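Keep the picture open while you go through the points.

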Amino acid sequence: MSDPAGQLKGHIRVDGLTRGFLGPDAQPVSVIEDLSVEFEPGLLNVVMGQSGCGKSTLAYLLAGYLAPDAGSMTIDRRPITGPGEDRIMVFQETALWPWMSVTNNVIFGPLVRNAISRQEAKVRAEELLERFGLIDFKDKYPGQLSGGMKRRAEIAQALINSPDIMILDEPFRGLDVMTRELLQEYYLKLFEDSRLSTLFITSELEEALFLADRIYVMAEPPDNITSVIEIDLPRPRTIDVTTTTQYLKLKQEAMHHLYAGLEVSA
Ligand SMILES: Nc1ncnc2c1ncn2[C@@H]1O[C@H](COP(=O)(O)OP(=O)(O)OP(=O)(O)O)[C@@H](O)[C@H]1O
Ligand SMILES: [Mg+2]
């Protein structure tokens with residue numbers, strides 16, 4: 001979405017970002033190396049790459065949970081120096097407290113921050129639970145929910161904080177295909193209604209194509225982002241889009257980018 005007046009929130013700029021870890025033999029291993037990239041606001045930006053290429057490291061850096069070794073990161077020109085209320089992360093691992101009901105889990109964040117009253121928080125939580133098809137489960141505990149329901153509750157838990165940007169790190173990984181498709185549709189609907197700036201991390205090409213406005217293909221250093229693919233499929237999207245010629249053409253293009261440089265040795 002073009003934003004000539006700079007009105008949209010959640011504009012990420014990364015410049016010369018570098019981060020490494022000590023490898024198994026105690027030697028430093030570079031994971032993100034001199035990465036410069038921009039994620040425009042109001043878009044569903046997808047970062048896609050193979051396991052181990054550094055996707056979660058990038059997410060942790062942007063969330064402010066990890067500090068870079070070098071380089072700068074800003075959101076709407078504000079430097080990222082630690083976690084902030086403008087960004088909300090959703091991980092694959094559950095973030096729900098097992099001893100609290102679904103509603104109490106959702107309202108927990110704003111209540112500890114004293115952001116809104118319990119009554120207001122409950123009203124907002126119920127709106128979100130309604131939207132995610134969980135209203136009948138509002139008084140249940142996480143242990144009574146399916147994997148897909150937990151993921152939806154977590155997204156509601158993130159959204160109640162009204163973030164400027166959502167960063168989702170493979171939130172639907174490990175779920176069965178049908179549950180996954182359903183959750184993708186929930187997230188798409190949410191995004192298409194709100195245009196909430198999103199950075200969605202995945203290793204699944206189909207998920208990336210179905211959701212994205214732009215796919216950033218990620219790889220190990222020295223070039224962490226090897227290509228950027230514009231996914232100009234019409235919105236609102238439904239799963240039917242995945243059978244169109246336009247989708248198949250984009251899939252072919254994306255596969256070409258993904259596998260470029262990867263040689264299979266005989
Ligand atoms: N805290 C850490 N200490 C040491 N090495 C780490 C640490 N975190 C990540 N790494 C290493 O950095 C590399 C990238 O890891 P990262 O988790 O960012 O990859 P990923 O793309 O998210 O993979 P996946 O798709 O499997 O989640 C891996 O080689 C990993 O072993
Ligand atoms: Mg990861």
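Let's begin at one spot in this predicted model: Pro 163 sits in the loop that runs between α4 (147-159) and β7 (165-169).

**Around Pro 163**
- Is Pro 163 buried or exposed? Pro 163 has 20 other C-beta atoms within 10 Å, and because 20 or more is what it takes to count as buried, Pro 163 is buried.
- Leaving out residues up to four places away in sequence, Pro 163 touches Asp 86, Arg 87, Ile 88 and Ala 158.

**Two domains**
- The chain splits into domain 1, which comes in two pieces (10-86 + 170-260), and domain 2 (96-162).
- Where they meet, domain 1 puts in 9 residues and domain 2 puts in 7 residues.
- On domain 1's side of that contact, you get 7 nonpolar residues, 1 polar and 1 charged.

**The nonpolar core**
- The largest nonpolar core contains 67 residues, and those with the most contacts inside it include Val 46, Val 106, Ala 156 and Ile 215.
- Both domains take part: this core draws at least three residues from domain 1 and at least three from domain 2.
- Take Val 106 as an example: if you skip its neighbours within four places in sequence, its contacts include Ala 125, Leu 128, Ala 153, Ala 156 and Ile 160.

**The whole chain**
- Count up the secondary structure and you get 7 helices and 10 strands.
- The radius of gyration is 19 Å, close to the 18 Å the globule rule gives for 266 residues, so the chain is as compact as a globular protein of that length.
- Along the principal axes, the C-alpha atoms fill a box of roughly 60 × 45 × 45 Å.
- Buried residues account for 36% of the 266 residues.
- Looking at contacts between residues at least 6 apart in sequence, 68% link residues at least 24 apart.

**Around ligand 1**
- Which residues surround ligand 1? Among them are Phe 21, Val 31, Cys 53, Lys 55, Thr 57 and Ser 203.
- Helix α1 (residues 55-63) gives the most to this shell, with 3 residues.
- By type, the shell around ligand 1 has 3 nonpolar, 7 polar and 1 charged.

Definitions and conventions:
Residues are numbered from 1 along each chain as its sequence is written. Chains are lettered from A and ligands numbered from 1 in the order in which they are written. This is a predicted model: local features need pLDDT of at least 70, side-chain atom pairs count only at pLDDT 80 or more; totals for chains, interfaces and linings use all residues. A residue is near a molecule or strand if its C-beta atom, placed from the backbone, lies within 6 Å of it. Helices (H or I, at least four residues) and strands (E, at least two) are DSSP runs, numbered from the N terminus. Ala, Val, Leu, Ile, Met, Phe, Trp, Tyr, Cys and Pro count as nonpolar, Asp, Glu, Lys and Arg as charged, and the others, Gly among them, as polar. The radius of gyration is taken over C-alpha atoms; the globule rule is 2.2 Å times the number of residues to the power 0.38. A residue is buried if 20 or more other C-beta atoms lie within 10 Å of its own, exposed if 12 or fewer, and partly exposed in between; C-beta atoms are placed from the backbone. Two residues are in contact if their C-beta atoms, placed from the backbone, lie within 7 Å. Domain bounds come from an automatic or database domain assignment. A nonpolar core is a set of buried Ala, Val, Leu, Ile, Met, Phe, Trp, Tyr and Cys residues joined through C-beta atoms within 7 Å.
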